Number of protein chains: 2
Amino acid sequence: MCEMKKLQVVDATMRDGGLVNDFYFEDALAKALYETNLRTGVDYMEFGYKASKRLFDPAKNGKWKYCKDEDVRAIVDSVDKEKKAARKMKIAVMADVGRCDFHEDIRPKAESPIDMIRVATYLDTIPGAVEMIEDAANKGYEVSCNLMAISQAKEAELDEALETLAKTPVSVLYVVDSYGALYPEHAKLLVSKFLEVANKYDKKVGMHAHNNLQLAFSNTILAHSIGATWLDGTYDSMGRGAGNCAMELLLGYLEKQGFDGYHMAPALPFLDEYMEGLKKKGIVWGYDLQYLMTGLLNQHPRAAIQFTKEGREDHEAFWRELK
Amino acid sequence: MCEMKKLQVVDATMRDGGLVNDFYFEDALAKALYETNLRTGVDYMEFGYKASKRLFDPAKNGKWKYCKDEDVRAIVDSVDKEKKAARKMKIAVMADVGRCDFHEDIRPKAESPIDMIRVATYLDTIPGAVEMIEDAANKGYEVSCNLMAISQAKEAELDEALETLAKTPVSVLYVVDSYGALYPEHAKLLVSKFLEVANKYDKKVGMHAHNNLQLAFSNTILAHSIGATWLDGTYDSMGRGAGNCAMELLLGYLEKQGFDGYHMAPALPFLDEYMEGLKKKGIVWGYDLQYLMTGLLNQHPRAAIQFTKEGREDHEAFWRELK
């Protein structure tokens with residue numbers, strides 16, 4: 001096994017972005033995104049979720065909600081061999097604790113084009129996360145554990161969770177600011193805490209940010225500056241609610257800072273054609289005043305997403321409702 | 001004279017925002033903004049520029065390009081006495097070196113409703129800035145000096161400029177990231193350098209950020225965290241190109257951090273009615289991919305503004321043109 005290089009950039013466009021369009025991405029987009037990631041230097045492309053078909057109706061969700069091995073493989077196989085030969089990129093999928101039939105739906109690595117399972121958990125489902133991490137590791141996958149809604153974590157509970165997780169075969173522990181509520185000081189504290197445990201157990205730390213306070217990019221490079229080495233981004237920030245750290249901002253930054261192999265410019269045709277295309281079809285995401293509000297209140301963005309869907313503009317009334 | 005309190009929040013909506021709509025703000029907006037600022041806790045409201053009528057045709061610009069004393073006074077006088085009695089807010093205007101007939105157009109403070117003249121200069125017009133600072137101070141005004149395009153400053157030149165300016169009657173030295181090109185490390189270096197000189201000469205340091213890299217808010221609170229005490233914002237980020245640090249983000253942050261007297265919620269009706277109103281009239285500003293590009297290249301945003309005006313969407317071609 002080759003040694004992990006220092007920085008790992010993860011493209012979560014189809015996974016977090018899928019929460020915006022119910023995972024109905026066309027194959028042409030998936031293929032173009034794959035090719036774009038090969039050129040921009042992205043290290044891992046996350047295709048979507050491994051969600052339970054019992055819990056989530058396949059008639060109401062696109063295929064990237066489930067990421068069957070054959071669907072992922074079809075995209076990879078559709079890309080020219082030459083393009084793939086130029087650079088190795090790995091493939092990730094996310095699996096939520098309690099929402100994934102992992103015993104059946106995650107097949108042994110030897111049979112799958114997927115390299116990494118990203119186990120997403122809340123702090124109150126750590127035993128379930130441990131079970132899934134061990135299952136995925138036993139099947140031969142790299143595994144990360146993504147701790148969601150981290151801005152609401154109680155310190156003692158978090159300490160215990162990190163110690164428990166660090167003793168599993170997980171490779172990366174992720175700070176996930178689901179509510180986009182972290183100010184830099186808070187982000188710094190959390191990343192430092194994760195790093196302390198990670199360094200003790202030879203794990204890595206990742207950052208997955210949301211843009212409710214226009215801090216997704218800023219918190220991502222802040223996390224990197226103090227030692228986090230796994231950084232999530234999505235093209236045009238596509239993701240739930242206010243969206244994520246814009247991949248193009250992250251790539252531009254890394255390129256300018258002299259990190260080898262990362263390039264912003266190859267993202268532009270994809271942004272112009274596919275991300276603009278989604279917007280023109282009426283798919284809406286990204287920073288707006290209603291997301292500032294839920295971020296400020298350290299709340300799940302669902303009320304703001306609903307406000308957006310309804311086309312409401314009365315932020316003053318919305319603020320009173322939230323409070 | 002009362003002692004300056006530690007933090008000063010400056011609303012630059014009509015000044016920097018005026019660069020987007022040629023300063024055609026209606027009186028109703030100016031009045032509503034003034035009242036909003038009284039309620040949100042803004043310390044200084046910048047009405048616009050004191051621009052030369054010889055150089056800038058009054059037929060092609062709204063009155064806030066010139067900020068005549070009587071125009072400013074009319075807005076202040078239109079606000080209910082009770083609202084004004086609740087809190088003292090000061091008034092600022094900007095005067096660009098070489099673009100202001102300050103001998104005639106800036107009247108003695110005793111005759112004017114304006115409290116502060118913000119002298120804006122590039123590094124190669126420092127002698128002109130010194131002349132204007134001294135003139136304004138002699139007339140009885142508080143004075144700041146706003147060093148524009150600071151991301152391109154050469155160190156020796158900047159050191160010399162700061163030393164020269166610090167010996168004038170200026171109160172505040174402003175880091176102005178006109179190109180929105182500062183990454184946090186660079187912003188930190190510059191603010192630290194400004195603070196070093198400011199502390200020696202008993203001056204204050206301010207931050208005026210642009211949002212090309214989605215770092216305007218982040219850089220503003222970063223500057224504050226290391227000692228800058230004058231912070232500029234604009235409602236809904238309204239300002240040239242990618243716009244500024246969003247005032248509502250800044251207010252929400254300060255309120256949450258426990259800074260007395262700052263409130264986000266009173267901004268909401270103004271945002272809903274007036275800022276949304278401007279957007280619905282087709283006034284365009286704010287972060288977009290073309291501004292990322294000029295920020296990344298540390299360039300003036302004029303090419304990106306033109307790209308936006310022309311309704312272009314071909315970012316890939318634009319990038320090649322810029323390079």
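Helix axes are here lines fitted to C-alpha atoms, for helices over the stretch in contact, and the angles between them run from 0 to 180 degrees between N-to-C directions. Helices themselves are DSSP runs (H or I, at least four residues), numbered from the N terminus. The structure is a predicted model, in which local features need pLDDT of at least 70 and side-chain atom pairs count only at pLDDT 80 or more, whereas totals for chains, interfaces and linings use all residues. Residues are numbered from 1 along each chain as its sequence is written, and chains are lettered from A in the order in which they are written.

For the complex, the predictor gives an ipTM of 0.96 together with a pTM of 0.97.

Chain A is divided into domain 1, covering 8-287, and domain 2, covering 289-323, with bounds that come from an automatic or database domain assignment. The centres of these two domains of chain A, taken over C-alpha atoms, are separated by 25 Å. Between them, 12 residues of domain 1 of chain A are in contact with 11 residues of domain 2 of chain A, a contact being counted if the C-beta atoms of two residues, placed from the backbone, lie within 7 Å. On the side of domain 1 of chain A that touches domain 2 of chain A, six residues are nonpolar, five polar and one charged; in this scheme Ala, Val, Leu, Ile, Met, Phe, Trp, Tyr, Cys and Pro count as nonpolar, Asp, Glu, Lys and Arg as charged, and the others, Gly among them, as polar.

Helix 13 (residues 289-296) and helix 15 (residues 315-322) of chain A pack at an angle of about 20°, their axes lying 10 Å apart. The two helices of chain A are therefore roughly parallel, a term for angles under 35 degrees, while those over 145 count as roughly antiparallel, 65 to 115 as roughly perpendicular and the rest as oblique. Helix 13 of chain A contributes A:Leu289, A:Gln290, A:Met293 and A:Thr294 to this contact, and helix 15 of chain A contributes A:His315, A:Phe318, A:Trp319 and A:Leu322.

The contact between the chains takes 28 residues from chain B and 28 residues from chain A. Helix 10 (216-226), helix 11 (247-256), helix 12 (267-280), helix 13 (289-296) and helix 15 (315-322) of chain B each supply at least two residues of the side of chain B that touches chain A, and that side has 17 nonpolar, four polar and seven charged residues. Across the two chains, helix 11 (residues 247-256) of chain A packs with helix 13 of chain B at an angle of about 10°, with the axes 11 Å apart, and helix 11 of chain A is therefore roughly parallel to helix 13 of chain B. The residues making this contact are A:Glu248, A:Leu249, A:Gly252 and A:Lys256 from helix 11 of chain A, and B:Leu289, B:Leu292 and B:Leu296 from helix 13 of chain B.

Within chain B, helix 3 (residues 27-40) and helix 12 pack at an angle of about 160°, with axes 9 Å apart, and are therefore roughly antiparallel to each other.
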